[in-house]
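This report looks at how parts of one protein chain are held against each other. Please look over the sequence and the structure before reading on.

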Amino acid sequence: IGGRRKGGRGKNAKQITWVLLLKAHRAAGCLASLASAAVALGAAARRRVAAGRTDADAGVAAASGESPVLRSRFYAFIKAFLVLSVLLLIVELGAYFNGWDDLAASALSLPVIGVESLYASWLRFRATYVAPLIQFLTDACVVLFLIQSADRLIQCLGCFYIHLKRIKPKPKSPALPDAEDPDAGYYPMVLVQIPMCNEKEVYQQSIAAVCNLDWPRSNFLVQVLDDSDDPTTQTLIREEVLKWQQNGARIVYRHRVLRDGYKAGNLKSAMSCSYVKDYEFVAIFDADFQPNPDFLKRTVPHFKDNDELGLVQARWSFVNKDENLLTRLQNINLCFHFEVEQQVNGIFLNFFGFNGTAGVWRIKALDDSGGWMERTTVEDMDIAVRAHLKGWKFIFLNDVECQCELPESYEAYRKQQHRWHSGPMQLFRLCLPDIIKCKIAFWKKANLIFLFFLLRKLILPFYSFTLFCIILPMTMFVPEAELPDWVVCYIPALMSLLNILPSPKSFPFIIPYLLFENTMSVTKFNAMISGLFQLGSAYEWVVTKKSGRSSEGDLISLAPKELKHQKTESAPNLDAIAKEQSTPRKDAKKKHNRIYKKELALSLLLLTAAARSLLSKQGIHFYFLLFQGISFLLVGLDLIGEQIE
């Protein structure tokens, strides 16, 4: 028995040893991976600095849609603030090592001499004049922060109620086809529009997807609205349309010589065609969108016997959401936007901002609202607001998805966000008189002015940038003004947790998401100011760069049934399409990663403030400033998105 016990103990000891060795091996592997990633990151940063390409290079700044004057002034302000913070850090370090910390308590009452007198005078001036001003700004931003957080919490509770009660928009009169004659169901005339401009990476997959919509061929027409100024792209798109025409699809190609009004002008021009009067609804898909074959069957029936309904909007899904860290963080934002914001506003208010694509409009609603207008860069939001003021209702279908792409490079994402945040401010200036004069319910006016525009489009980027990028670093150098820990950490963490709930698989990215949202506040604040005061090129439209993320299987699945078994000269060559999309084009414009000076300057500012916080507050403030500074540094060196060797 004793021998058996000793043998068992030895066996258990060996098992424990093997488990410990296995864990040590895994830990060593993790450390090796982290070290390898750090080395690769450092090498990429060195290459970026050595290349010397910045966002101020000729052509890049102009293409970004930013105002050159605002950009230079904004950057000068950040640089001046950075220089001031460095000087203050030097002063505080000198005071710390000379033991002048005690002067802080006696500076207001005890006289001192020499260099100490200068430092004591600064402390008196700081406590008397600087601290009250910063504290006032801090309190004001905290109030805005709490209001916006409450708004987000209420929206999340509304979303929870929708899921709890299983509330879902349903057609008033279900349009079921006749079992004997499937074409005898509800199939009104639908016009399908695909606006595009120099998007040769994605035109084939979008045209193929739309031509394969499950709808009677005689009851829908596809308009390919090509605004491309590249002759090669025009030829490719025209040939693609011809192939589908020969295959029996009802599809037409339209090209404008003058690209006036950008996308809004393109849609407005298409709606002026004489045959549009024969159609009751219009579905719009951007060039990178691929609707499922049943898209019209799941959206159009909601219009039946519902004459007040003007828009049915579907949600987006993303083919490249796992491509890199940038696309994963975008996916979190957009999942929250559709799952919470759009769904809650659609269920409880029958109003939300049209997303510009993957939606079906009643043409009568478009005409009644004044049609497409080129006065802003957010023509989708513009038409939605005007339709709402006319009394039209909207429906959002959270269970109807349409695949599309996310920007994979920070440069493309930055341009997109600039347009998305400058446009609403342009629209607010133009729509405010109409909203006030409009004969709609007071609560609808209040919702439009205070929630839709002011709180979510103006206040959010304002306090995000001001509170976390300006005021928080200032409180490190002016400790008399305090920013509570719950503002710096706890509530932002809670808001990030709420944002990530609609995409639970993204939970490991909650901290990068929180830091990245604060980092993007610089671009959003800049865009908001540009749109609000109509500065520089705030009205310039920049097409978001696409990559054409479709596999060969995706393309083959879009082929008509007869083409899956045979290929004719008139049919699209799907093998060639897949091969062409997987092969880089020789004539493609060479892309580069760049250094973004505003983000880089702010990273140095936050890291300087983090160093100053070590002299007084070695807690949440230090860690937040440190990691936020690193986040700005990574974005400033363009290390977060697509890396181009």
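## Salt bridges, strands and cores

Lys297 is partly exposed, with a relative accessible area of 35%. The model is predicted. The salt-bridge partner of Lys297 is Asp214, with 2.9 Å between the closest N and O atoms. Asp214 is in the loop between helix H6 (203–211) and S2, while Lys297 is in helix H9 (residues 295–299), so the pair ties together parts that are 83 residues apart in sequence.

The structure holds 21 salt bridges, including those in the table.

| Salt bridge | Closest N to O distance |
|---|---|
| Asp214 and Lys297 | 2.9 Å |
| Arg375 and Asp382 | 2.9 Å |

Strand S2 (residues 220–226) runs parallel to strand S3 (residues 251–255), and five bridges join the two. Between them the chain passes through helix H7 (residues 231–246), in a right-handed β-α-β crossover.

The largest nonpolar core has 86 residues, of which Ile207, Trp361 and Val385 touch the most other members. Strand S8 (residues 393–404) contributes the most, seven residues. Domain 1 and domain 2 both give residues to this core, so the core lies between them. Among the residues that Ile207 touches are Val224, Ile237 and Ile251. A second, separate core has 51 residues, including Met425 and Leu602.

Methods
Residues are numbered from 1 along each chain as its sequence is written. This is a predicted model: local features need pLDDT of at least 70, side-chain atom pairs count only at pLDDT 80 or more; totals for chains, interfaces and linings use all residues. Side-chain values use heavy atoms; hydrogens and water are left out. Two strands pair if DSSP finds at least two bridges between them. Helices (H or I, at least four residues) and strands (E, at least two) are DSSP runs, numbered from the N terminus. A crossover is right-handed if, with the strands pointing away from the viewer, the path from the first strand over the helix to the second runs clockwise. A nonpolar core is a set of buried Ala, Val, Leu, Ile, Met, Phe, Trp, Tyr and Cys residues joined through side-chain atoms within 4.5 Å. Buried means under 20% relative accessible area, exposed over 50%, partly exposed in between (1.4 Å probe, protein chains only). Domain bounds come from an automatic or database domain assignment. Contact means heavy atoms within 4.5 Å. A salt bridge is a side-chain nitrogen of Lys or Arg within 4 Å of a carboxyl oxygen of Asp or Glu. Lists of a residue's contacts leave out its neighbours within four places in sequence.
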